[in-house]
Amino acid sequence: MYIEFPSVLKYFRDYVEASGGILELKKALDWSVWYAAKWWLEIHSAGAVNLKKPFVKALYLSLRGKRIIDEDGKVVKEVKKPELPKGLYAREWVEMHQQFDELGAVRVAREEVDRNSLDLLFSDIQAMGWHRVMVNGFLKACGESEGRAVLEPFSREGHLAQLYLEGYKPAAYLGYDPNPSLVEVARQVVPNATFTAVSSACQLSGQFDVVLLVEKLQWVADPLRELECIGKLLRPGGKLYVAQPTADSMPGYLAILTATGAQHVYTWTEVEQLIVIRFALEKRLVKTMPFYGAIFAKPHPRPARETFR
């Protein structure tokens, strides 16, 4: 995970500086690993391991990838409690893990935690300073500019739309979400964007220049079909910005994200292989830290071949 620090410095310098520098950022990321190991040990000890649950699966895949647990889920590598970082956003990152920890990993694994508590935590995360700086850094790294028609799948309460519109002036901005209550909240939070309550892009029409898949794929029940329908809405040459936490990235954060209702857990290679079925990989920014980040494009149609008689 840490071997990507040069790429992180290149594309997410503001994120690094807001965390207090590389050393402070590393301390913060170490806490994500420590908490993930702590939660797994608690779940394993309580006999609550069920890999069909995305939260448990996220912990298992992440910790297996880091060789902290073996195939049977037994802890084989001790993770020492890190030093607390001093940077403001780095501390905020650690406090997010602490906040989730208070809900109880075993209770989360057994789905005993009130859904409203998890939804509230997810909403809080979207508004946190470190998260806003991270997403802004990603959009900047993608080379985003103004005047584009933008589509946002699973727009939730409108946090991403609000952040986007603070920095850019799109020609149009449409967010869709299957939850009518969240759509209504988004309309109030971001009145200068459009939001609609549909379960899939397959129910939409129109043409867009950019699709924002920023922490979205985990919500999609049938990702291949959804990507196919998104492709029909994207103009030839249009961009798909993908920022997806994966099992290769920050294990504690991935576990928190999946606990809030995710349907899938991916590795970065799985994300890339899934998307290149429908889109062309234009540029991979980072593989694992702070997430898998890449730009894809809808290919232009091939010119028809001339036939000669």
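At 24% relative accessibility, aspartate 209 counts as partly exposed, a class that lies between buried (under 20% relative accessible area) and exposed (over 50%), as computed with a 1.4 Å probe on protein chains only. The structure is a predicted model, in which local features need pLDDT of at least 70 and side-chain atom pairs count only at pLDDT 80 or more, while totals for chains, interfaces and linings use all residues. Residues are numbered from 1 along each chain as its sequence is written, and side-chain values use heavy atoms, with hydrogens and water left out.

Aspartate 209 takes part in a salt bridge with arginine 235, and the closest N and O atoms of the two are 2.8 Å apart. A salt bridge here is a side-chain nitrogen of Lys or Arg within 4 Å of a carboxyl oxygen of Asp or Glu. The pair links distant parts of the chain, since arginine 235 belongs to strand S5 (residues 234–244) and aspartate 209 to strand S4, 26 residues apart. Helices (H or I, at least four residues) and strands (E, at least two) are DSSP runs, numbered from the N terminus. Arginine 235 is also partly exposed, with a relative accessible area of 33%.

A search of the whole structure gives 15 salt bridges. Among them is the one between glutamate 166 and arginine 132, with the closest N and O atoms 2.5 Å apart. Arginine 132 counts as partly exposed at 25% relative accessibility.

Lysine 216 lies in the loop between S4 and H11 and glutamate 152 in strand S1 (residues 149–153), so the pair ties together parts that are 64 residues apart in sequence. Both residues of this pair, lysine 216 and glutamate 152, are buried; for lysine 216 the relative accessible area is 5%. The two side chains also make a polar contact at 2.7 Å. A polar contact is a pair of N or O atoms within 3.5 Å; within protein, one must be able to donate a hydrogen and the other to accept it, and residues adjacent in sequence count only if both atoms are side-chain atoms. When residues up to four places away in sequence are not counted, lysine 216 touches Glu152, Pro153, Phe154, Ser155, Leu160 and Gln244, where contact means heavy atoms within 4.5 Å.

The structure holds one disulfide, the term being used for a pair of cysteine sulfur atoms within 2.5 Å. The disulfide joins cysteine 202 to cysteine 229, with an S to S distance of 1.9 Å. Distant parts of the chain are linked by this pair: cysteine 202 is in the loop between strand S3 (194–197) and strand S4 (208–214), and cysteine 229 is in helix H11 (residues 223–233), 27 residues apart. The torsion about the S-S bond is about 90°, so the disulfide is right-handed. Cysteine 202 is partly exposed, at a relative accessible area of 27%, whereas cysteine 229 is buried, at 10% relative accessibility. Cysteine 142 likewise counts as buried, at 10%.

In helix H10 (residues 180–189), Leu182, Val183 and Ala186 are buried. These residues cover an arc of only 100° around the axis, which puts them on the same side of H10; the arc is that of the directions from the helix axis to the C-beta atoms. Pro180, Ser181 and Gln188 are exposed on the other side of H10. The buried residues of H10 are covered by parts that include strand S2 (172–177) and S3. At the start of H10, a side-chain oxygen of asparagine 179 comes to within 2.9 Å of the backbone nitrogen of serine 181.

Helix H12 (residues 251–259) is mostly covered, and nine of its nine residues are buried. Its buried residues pack against helix H3 (22–45), helix H4 (54–65), helix H5 (88–101), helix H6 (105–109), helix H7 (115–127) and helix H8 (129–141). Just after H12, glycine 261 takes a positive phi of about 120°.
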